[in-house]
Amino acid sequence: MSTTTEPHASTGPDAALDIRGLRLNLPGTARPVLDGVDLTVAPRETVALVGESGSGKSLTSRSVLRLLPPGAVAEGRVLVEGRDVLAMNPGELRRLRTHTAAMIFQDPRAATNPLRRIGDFLTESLRLNAQVPAEEATERAVRMLDAVGLGDHVLRRYPGQLSGGMLQRVMIAAALMGDPTLILADEPTTALDVTTQAEVVGLLDDLRGQFGTGLLFVTHDLGLAAAISDRVYVMYAGRIAETGPAEELFQRPRHPYTRALLDSTPRLTAPRGRLAAIGGQPPSLRQELTGCPFAPRCRLATDVCTERAPALIPVADGNPQPHLAACHHSDQLTEVTADA
Amino acid sequence: MPDTLREAGDAPRPDTPGGRDSAAVLEVDGLCRAFGEVKAVDDVSFTLARGGSLGIVGESGSGKTTTARIVVGLERADAGRVRVGGGSGGPQRGRAARLARAREVQMVFQDPFLSLDPRTTVEAVLRETLRLHFPGRDHPARIAELLDQVGLGAREASALPRQLSGGQRQRVAIARALAVEPRILVLDEAVAALDVSVQAQILNLLADIRKQTGIAYLFITHDLGVVRCVTDDVIVMRHGRVVEAGSTAGVLADPRHPYTRLLLDSVPRPGWDPKHIAAARRAL
Amino acid sequence: MTTATLIRRRPGLAGIRTDRSWLFRICLGFVALLVLLAIVAPWIAPHDPNAVDLGSALAGPSGAHPAGVDASGRDTLSRLLVGARTSLLGPLGVVVFSTVAGVAVGLAAGWRGGWLDSLLSRGTELVFAFPGMLLAILIVSVYGPGLTAPVLALGVAYLPYVSRLTRSLVLAERERPYVEAYRVQGHSGLQISLRHVLPNIAPVVLAQSTINFGYALIDLAGLSFLGLGVPPLTPDWGRMVFDGESAIQSGYPLSAILPCLAIVMTVVAFNVVGERWADQVARRDR
C-alpha cells in the first residue's frame, strides 16, 4: 500500500509528519504524559498509532495540531511539512489547521453543532480563515461530499438528521475541505457499528490514495490497525513500545506488550477458552517511572528492566522499513513466539 | 427470512436457543416493543438454559438492548411473554414482586463510569443490596467473599468509584449483581467500554464465575470475538428481528444468513477488504 | 459530557483550576466572623443596644462609643452587633424554609413526572409571577409587624427558584445508569431518590441557597427599612438604616452608613462563597 521505500526516507522535510523527541508535561503529574515520542508519516502513507486509554496516543495526534490541554509544556519538535508546529505563531497555526492538517474525531455528533446546517459546517473554516468566497467554498463542499459518497442535498440537512456513519463521512469531507497533506483520525470508527466501520475505513483509504494525503490512524483496535495500515506504532505509558511494518509487527511482535495485547484480544481465529489476560494496571500518571514502564506486568521482566529504561532499537534487519522495539529482552520473545 | 433460522431446519439439539426444555431458566416468547412507528423488538423468542450462556449479537438499532431491558424489567413489552425461572412472568407490582424479580435476574451495564453512584463506596454498595435482600445475615463476611470472588481486595472496599479504574468498577458492578444471588445475569455490552487487556481479565472472570456458581448469562454485544469467547449459543438480531440462531461455534463457522456473514466479514483482520464489505452491506 | 470524560480518563488533568481563592477565603472568613460575632453579641456589646443616652445623641466615634451614637442616643456598635442576630436569623429562616420545601417540591415533580410534575410546576410558576416583596408586604399588612410573617412570605417567594433547580437536576440525575442499576437491584423509587439522587444533587442546591441567603438578607432589610419587618425597638440593620434617615438629614450619616456597609459586605460575601461552591460542584470529578 505504501509508496515509501528507504528506511528513514520518510523523515526529513518531505515527510507529511515528523515528530521528534516529543515530551509533554502536565501540571500535577509525576511523569511526562508523552516521553520522547518519535513518529513519522510519509505522504500517501497510512500509519496506525495503537494504545490503550491513557497511553498518550490521542495526545500525540492532538499535539500535531497543537491542541494541548491547559498548562501542558511540550518539548521536542513536531514537524508538519518540515515546519515546527510547536513554534508556530497563531496565524501560522490557523493556516496549518485550515490547510495542512485536519483531524477527524471519534464522535462525529459531539464534533458538530446540532443547530448549524452541514453546508455551513463544511464551508465555515474556508470562508472565515482563508477568505474563500461563499460560492467557491460551497462548490468545493459539494465536490468533497461527492468524494465521500454523499449527495449535495446533505448541505441543507442538520447533523441530527443524519446517521452516525453518514455524519462521520461528512466529517471526512470537512477534513478534506482545506486540501490537507495530513489527516489525523482519532478513533474515527469507535462510535460506529462494525459494518459501518468497514465503509468509513474503506473510504479513508480511497481518499488517501486519491488526494495524496498521509493518514495517522489512532486506534485501540489491533485488528483494525493490522488491516488498514502500512506501519504501526504501539504506545504504552507515553512511550513508543514498538514500531514496524504492520504485517511483521503482528506476526512477529518483538515487544512483550504488543504480544500480550494480541493474545488478550478475543478473536475469531484464535482457539477458544481462556484469554491470556495481562495482569495489573497501566502505570498511573501520579507515579514516577524508573526503567521499563511495562516491567511490573511483564513475564520476561528481570532486574535490568526495573533499573534502566530500554531504548527503541532495531530488532530485525533486511526490511525496507525498520522494525524497532523498546525491550531489553526482545530476542527472548522470538523464541517464545517460535515455541508457541 | 424465517427459513434461515436454524431451529427450523437444523437437526434438533437439546440446548438450541429455540428449543423448549425443562432446564430453561429464561423463556422469551414472541416479544414485541414499538417506539412510535419503529418496531424496536419484533417477535423475538429465545430460551436460556440453566447455567447456559446466550449471546445476542446485533448493531445499534437491532433491538438487542431493548430486549435485555425488557428481560430485567426496565422496559415493558407490548406483546409477548418473559418467563423467568419457571415463574408466571405476568406484570406484577409491589415490593415482594420487585424483590423476587431482582433475585432472578441481575444486570451489568455498559459504562462502568456511570453505573455506580459516585458518592457510595464499594462496601456500601454491596451492604445496601445485602440489607435489602438478605436482612439479618452476616454482611461483612459476605462482602469480603463477594469482593474476593471478583478479584478485589480490602483496599478497594472503602474506595469511591472515582478512585477505581474502569476494570475495577466493572468488577464492583459484577459483585453487586452477584450479591443478590440471581440465576440469570444480563450483561449489556459489559466489556465494550474497557481496554483490551482489562477486557480479557473481565471475560476470564465471567467464565470463572459461571463455572463456580452455575449462573446463566445473557450476553448482549456487538463484538463477535467476545461472543465466541463467552457464549454457548447465539442469536443474531437485525431491525428488531432474530435473523439467525444456533450454537455459537456453528453460527460463526457456517453462517446461513447474509447479515451474519456480513457481520463476520466486517471484523477487521489482515487482508481485510473494506470495499467488499461496504458493497455487501448496500446489497443487503 | 465529553470534557468530563476527558478529565476522568486522565487523572492528571483533574487538579488544574484557575483559582481566585484569596477572595473566596476572605469572604468565607468574613462570613465565619460575622456568625461568631452574632452568637456572642450580647456578651461583647459595650452597651445595651436599647439604652438611650440623649445627652450624647449623634456623637461621633469616641472611646466610649467606638462607632458613634445614633439620633435617639443609642450606641451604634452595640446595635450593629446585636442587630447581626436578627439580620442573619431572618434570611436563615427564609433559606431553610425555601430549601426544604423547594427540594421536596422539585424532587417530587422531577422524579414522579406526569400530572404531579404539571401540577407542581404550574403552581410554582404562579408564585414566580407574583413579586416576592409584594407578597411579603401583603402578609405583613395582614398579620402586623414581626419577623415570622416576612420570613414565611419570602420563604414562599424563594421556593420556586429552588424547586425549579431541583427539578431540572433530578431530571438529569434520573437518567443516569446508576439509577437504573438500583432499580434492577429491587430498590424502590422512594429509596433511590432519597438515598442516592438527593445526596448527589444536594451540593448544587446548597450552593444556590447560599446565594439566595444574600438576596433574602437584602429583601428583609428592605422590608425593615419600610417599617414592615421587625418591631421598632429590635436592633436590626435594615431598621437601623431607616432610623438613621433623620441622622443623615442632620448631617451625621455614620449611624446609617455603617449598617448599610454591613448589609452590602455580608451579601457580597455570601454571593462569593455560594458562587465558588457552585463552581466547585460543577467541576467536581465524578
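Modeller: Gladly! Let us begin with confidence: pLDDT is the predictor's confidence in each residue, from 0 to 100. You need that idea here, as this is a predicted model.

Colleague: Where in chain A does pLDDT stay under 50, with one contact beyond four places in sequence?

Modeller: That is residues 335-340 of chain A. Taken as a whole, chain A has a mean pLDDT of 86, and 93% of its residues reach 70 or more. Another stretch of chain A, residues 1-12, has pLDDT below 50, yet the model gives this stretch 19 contacts beyond near neighbours in sequence.

Colleague: And what is the mean pLDDT of chain B?

Modeller: For chain B the mean is 86, with 90% of the residues at 70 or more. Residues 1-20 of chain B stay under 50, and there the model has 38 contacts beyond four places in sequence. Read such stretches with care.

Colleague: Next, how do I read burial? Is A:Leu39 buried or exposed?

Modeller: The general idea is to count neighbours: a residue is buried if 20 or more other C-beta atoms lie within 10 Å of its own. A:Leu39 has 22 other C-beta atoms within 10 Å, so it is buried. You will find A:Leu39 in strand S2 of chain A, residues 34-41. Setting aside residues up to four places away in sequence, A:Leu39 touches A:Ile19, A:Thr60 and A:Tyr233. To compare sequence with space, take A:Leu39 and A:Ala295: they are 256 residues apart in sequence, and their C-alpha atoms are 23 Å apart.

Colleague: When two helices pack, what should I look at?

Modeller: Look at the angle, the distance between axes, the handedness and the residues that meet. Helix H6 (residues 148-174) and helix H8 (residues 189-225) of chain C pack at about 155°, with axes 10 Å apart. Angles over 145 degrees count as roughly antiparallel, and H6(C) and H8(C) are therefore roughly antiparallel to each other. Their crossing is right-handed. Residues that meet include C:Leu154 and C:Leu165 in H6(C), and C:Val204 and C:Asn212 in H8(C). By class, this contact has 15 nonpolar, five polar and three charged residues.

Colleague: At what angle does helix H5 of chain C cross H8(C)?

Modeller: Helix H5 (residues 132-143) of chain C and H8(C) cross at roughly 45°, and their axes come within 11 Å. That makes H5(C) oblique to H8(C). This crossing is right-handed. The contact is made by C:Gly132, C:Met133, C:Ala136 and C:Val140 of H5(C) with C:Asp219, C:Gly222 and C:Leu223 of H8(C). These residues divide into four nonpolar, two polar and one charged.

Colleague: Now for contacts between chains: how many residues do chain A and chain B give?

Modeller: Chain B gives 31 residues and chain A gives 32. On the side of chain B, H8(B) gives the most, with seven residues. By class, that side has 17 nonpolar, eight polar and six charged residues.

Colleague: Which helix of chain A comes within 8 Å of H12(B), axis to axis?

Modeller: Helix H6 (residues 194-211) of chain A, which crosses H12(B) at roughly 130°. That makes H6(A) oblique to H12(B). Their crossing is left-handed. Among the residues in contact are A:Thr195 and A:Asp205 of H6(A), and B:Ile277 and B:Arg281 of H12(B).

Technical notes:
Residues are numbered from 1 along each chain as its sequence is written. Chains are lettered from A and ligands numbered from 1 in the order in which they are written. This is a predicted model: local features need pLDDT of at least 70, side-chain atom pairs count only at pLDDT 80 or more; totals for chains, interfaces and linings use all residues. Two residues are in contact if their C-beta atoms, placed from the backbone, lie within 7 Å. Helices (H or I, at least four residues) and strands (E, at least two) are DSSP runs, numbered from the N terminus. Ala, Val, Leu, Ile, Met, Phe, Trp, Tyr, Cys and Pro count as nonpolar, Asp, Glu, Lys and Arg as charged, and the others, Gly among them, as polar. Axes are lines fitted to C-alpha atoms, for helices over the stretch in contact, and angles run from 0 to 180 degrees between N-to-C directions. Angles under 35 degrees count as roughly parallel, over 145 as roughly antiparallel, 65 to 115 as roughly perpendicular and the rest as oblique. A crossing is left-handed if the near helix is turned anticlockwise from the far one by less than a right angle, and right-handed if clockwise. A residue is buried if 20 or more other C-beta atoms lie within 10 Å of its own, exposed if 12 or fewer, and partly exposed in between; C-beta atoms are placed from the backbone.
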